[in-house]
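Hello,

Here is the structure we talked about handing over. My notes on it follow below.

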Amino acid sequence: MGRKNFDIVVIGGGIVGTAIARELSKYKAGIGLIEKESDVGLGASNSNSGVVHSGFTAPVGSLKADVCMYGNSHFEEVCEELDVPFERVGKLVVAQNKKQVADLYNMQYVGSKNGAELHIVGKDFIKDKEPFIDGVAAMYSPNSAITSPYELTIAYAENAHENGVDIKLNTEVLKIEKNNSKFIIKTNNGSFKTKYIINSAGLYSDFIASFSGEDRYKIYPCRGEYYVLDKNASDLISRLVYPVPPENAGGYGIHLTPTVDGNILIGPSNEYIDDVQNEATTKEVMDQLIKEAKNFLPAINRDLVIRSYSGIRSKIVPPEIGGFTDFVIEKSPNYDNFINLIGIESPGLTSAPGIAKYVVEIIDKMENLQKDGDFNGKREGITKFDKLSLQKQKELTDSNPNYREIVCRCENVTKQEIIDALNNPLGVKNLKGIKYRARATMGRCQGGYCIARIIKIMQEELNLDIKDLKFDSNNSNLFSGQAKGWG
Amino acid sequence: MINKELVIIGAGPAGLAAALSAYKEGLRDILIIERENKPGGILKQCIHDGFGLHKFREVLTGPEYAYRYIEKVREKNIELLTNTIVTLLTNDKYIKAINQEKGIMEIKAEAVILAMGSRERTSGGISLPGDRLAGIYTAGLTQNLMNLHNIKVGENIVILGSGDIGLIMARRLTLEGANVKAVLEIMPYSSGLKRNINQCLVDYDIPLKLSHTVVDVKGDYRLETVTVAEVDEKLQPISGTEFDINCDTLILSVGLIPENELSKQANVQLDDITGGALVKDNLETNVEGIFSCGNVLHIHDLVDYVSDEAEKAGKAAVEYINSGEKWKKENLFVEPGQGINYVIPQVISKEKDQIFSMRVKKPDTDKMIKVTCAGEVIFQKEFKKVNPSEMIKINIKKEKFEPLEAKSIKVVAI
């Protein structure tokens with residue numbers, strides 16, 4: 001059952017929680033991470049644009065600007081260490097009219113104060129760099145980059161796990177009590193004692209904070225819907241392409257994001273909703289995505305769409321005000337040992353390395369943490385067959401027959417990669433776990449070809465009855481069972 | 001590097017028939033590459049009957065139909081590599097493939113026949129609104145799981161789309177004890193064959209709701225409810241008509257897409273309407289020596305016609321290999337006109353009798369299929385009923401268009 005007593009427990013296994021857990025694992029301490037879902041990163045961390053921002057939207061002098069700038073300059077190093085894709089593709093914020101050109105200069109002013117490198121460029125520059133994009137002028141940010149947000153979250157968690165962090169999945173916090181110098185965290189999966197709590201529960205951070213006697217926070221869930229385009233459309237853009245953000249929208253406007261895997265994302269929309277769990281997509285918004293994307297990329301059409309999804313921002317700015325505010329990272333006024341992270345929305349992914357450092361410094365000041373000499377920050381991900389040279393592919397197929405079987409034909413994922421994904425260090429044994437680790441089912445056929453094959457491998461590897469195979473959580477049976485009349 | 005005269009990609013009904021036809025024309029250096037562990041393609045999972053009526057004047061199941069071809073391919077010792085997936089095809093007919101025994105293979109072919117079939121349109125492809133839940137499957141995958149892996153996907157079922165696979169699965173799941181609550185179709189008519197509507201829905205009292213679609217899916221990790229609404233003429237949901245159906249499974253039978261990913265790698269030009277290659281009357285694509293047939297060329301309703309088409313492609317590939325002859329320059333473009341969705345082939349030679357395959361845009365009665373060239377009517381035939389789900393085939397003798405001065409012929413349904 002693992003350990004029950006910790007020095008520090010991180011609540012929430014998103015990008016921020018896992019980054020903190022991994023940063024903490026550099027020190028000698030008993031660390032736990034609690035996540036209510038069946039895997040890390042299944043909230044906003046797997047459903048954002050995967051953009052590493054260069055820091056031109058954060059208010060000057062804010063904590064947000066600090067951690068964002070730190071993140072942008074350290075991201076490549078983090079991705080290198082954790083074996084996660086990273087590409088500094090650059091970004092164009094494209095103006096469609098004179099009024100918007102003025103906005104570009106404003107953004108450039110703010111961004112430059114934050115230390116971001118930004119250039120205002122003309123029509124010719126746009127046409128030269130992005131021939132399919134329409135616009136009258138743009139702000140060019142060479143340091144903007146892309147990564148795989150879910151791979152990074154998984155990588156942080158795996159590396160934290162390798163370095164001794166106890167990661168408890170399918171574990172939902174029901175209640176937190178204070179007992180002398182310790183907190184007792186009651187969950188659906190037993191109780192845990194800990195000296196420190198780090199609340200990085202995202203959409204649920206206000207709920208968790210309430211156990212620290214802190215009722216000031218309120219999270220306003222704000223949904224963003226996305227479209228994913230077929231890799232065949234990947235030539236349409238090679239950089240991030242954003243519109244000038246609409247005023248007080250609370251988002252950056254519907255933009256185009258090339259992903260590290262060669263897809264293009266359209267989105268996200270920006271809609272305050274009532275239910276933090278409502279990750280649905282809607283017809284109205286999906287229609288709007290195509291319409292707005294067409295404004296600056298006329299070549300886009302619906303036939304290129306292979307998937308839609310939504311993610312929910314945990315905003316602390318109420319809908320009637322809109323826009324952005326600073327991140328809140330502070331000790332609870334009642335308990336020093338209870339650190340709340342509230343309103344970590346965009347650029348939360350970019351800021352994760354900086355936030356992790358910031359939070360650990362807060363604890364270090366109270367606890368005087370000791371470096372752990374055994375810490376190993378290197379993590380190796382699954383070998384991606386499709387990304388290798390022909391020579392390397394041949395070496396693998398020569399030595400291991402599991403590389404000779406392509407299971408997912410859209411993404412060219414081999415049987416060995418499926419097996420590697422199933423045997424992940426966190427012990428995630430479901431279809432979604434394989435999806436986010438090996439990319440199987442993420443291509444244009446969305447699993448039509450490979451699901452039957454993956455199921456077979458899951459049965460072989462896990463030795464499970466067909467009716468016990470899960471999509472993600474324990475309530476998500478994939479199938480009802482065997483057909484009648486078979487032995 | 002392995003050299004081959006003819007490589008056929010896919011051992012489904014198209015690939016098998018093309019191989020046998022090439023063999024019959026005297027070619028011996030043939031390689032069929034199949035990614036599954038057995039030949040037969042989609043027919044392997046089509047355990048219902050209704051195949052072979054045109055070709056064999058018999059009612060066969062899918063596996064039986066496939067076996068007629070597989071048996072002959074074995075008898076003739078035509079080389080067939082199963083469990084082998086092609087990952088690259090170039091326009092100079094270089095092929096990279098991977099299989100269990102041999103690892104990565106590089107093959108150079110003189111001619112290639114594309115016979116990769118089709119894939120299913122997905123929930124993403126139709127922008128299905130709602131949550132991302134367990135319990136949403138495409139119809140072909142459901143059929144594969146049920147008939148080849150003995151897996152029942154769910155108990156209370158709603159099917160979106162009345163394509164043939166959806167209809168067949170409504171019956172199949174009912175026979176396995178599932179409760180199929182409804183088949184929904186966004187169009188005002190079904191895209192499935194009439195006989196399937198009768199035999200799969202009417203006979204089992206399964207309601208078919210035309211002009212209805214799914215506007216929301218909800219559940220706690222696994223599907224629990226679909227919200228259904230009626231749609232207007234523009235196929236937009238009509239507000240106020242929504243109702244919920246409780247179910248644990250939603251099956252999508254919302255269309256097939258020709259699987260042309262390898263074709264695209266080889267710079268084969270595709271038709272926007274069919275999703276398949278643009279072909280000449282010998283089924284050669286714009287890339288010399290690359291031919292296309294079966295569902296990868298356009299979606300067929302009857303496998304018998306796939307076999308016919310593939311035989312033609314096999315024969316043409318052998319002609320190409322033997323003569324190295326380029327396709328005749330004297331040609332006519334074939335244009336679909338009023339009421340016609342598409343016509344295959346898109347380019348014809350003036351020197352040959354021609355067979356055209358076509359589909360109308362919508363179901364109708366008393367329609368005249370009329371073909372004109374240089375202002376003259378060169379073919380016309382009356383149809384009591386036309387339906388997009390039923391492919392129309394017509395033959396025209398070369399004498400009809402050969403003497404005419406024209407660049408194109410036009411096909412209409414009026």
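In this predicted model, 54 residues of chain A are in contact with 48 residues of chain B, contact meaning heavy atoms within 4.5 Å. The two chains, A and B, bury about 4200 Å² between them, with 51% of that on carbon and sulfur atoms; buried area is the accessible area (1.4 Å probe) that two parts lose on being put together, summed over both.

The rule finds 4 salt bridges across the interface of chain A and chain B (a side-chain nitrogen of Lys or Arg within 4 Å of a carboxyl oxygen of Asp or Glu). A salt bridge joins Glu106(B) to Lys394(A), where the closest N and O atoms are 2.9 Å apart.

On confidence, the predictor gives the complex an ipTM of 0.94 and a pTM of 0.95. Chain B has an average pLDDT of 95, and 99% of its residues score at least 70; pLDDT is the predictor's confidence in each residue, from 0 to 100.

Within chain B, helix α3 (residues 139–149) packs against helix α4 (residues 164–175) at an angle of about 35°, the axes being 9 Å apart. Helices here are DSSP runs (H or I, at least four residues), numbered from the N terminus, and axes are lines fitted to C-alpha atoms over the stretch in contact, with angles from 0 to 180 degrees between N-to-C directions. Residues in this contact include Met146(B) of α3(B) and Leu173(B) of α4(B).

Residues are numbered from 1 along each chain as its sequence is written, and chains are lettered from A and ligands numbered from 1 in the order in which they are written. Local features need pLDDT of at least 70 and side-chain atom pairs count only at pLDDT 80 or more, while totals for chains, interfaces and linings use all residues, and side-chain values use heavy atoms, with hydrogens and water left out.

Regards

Technical notes: Helices (H or I, at least four residues) and strands (E, at least two) are DSSP runs, numbered from the N terminus.
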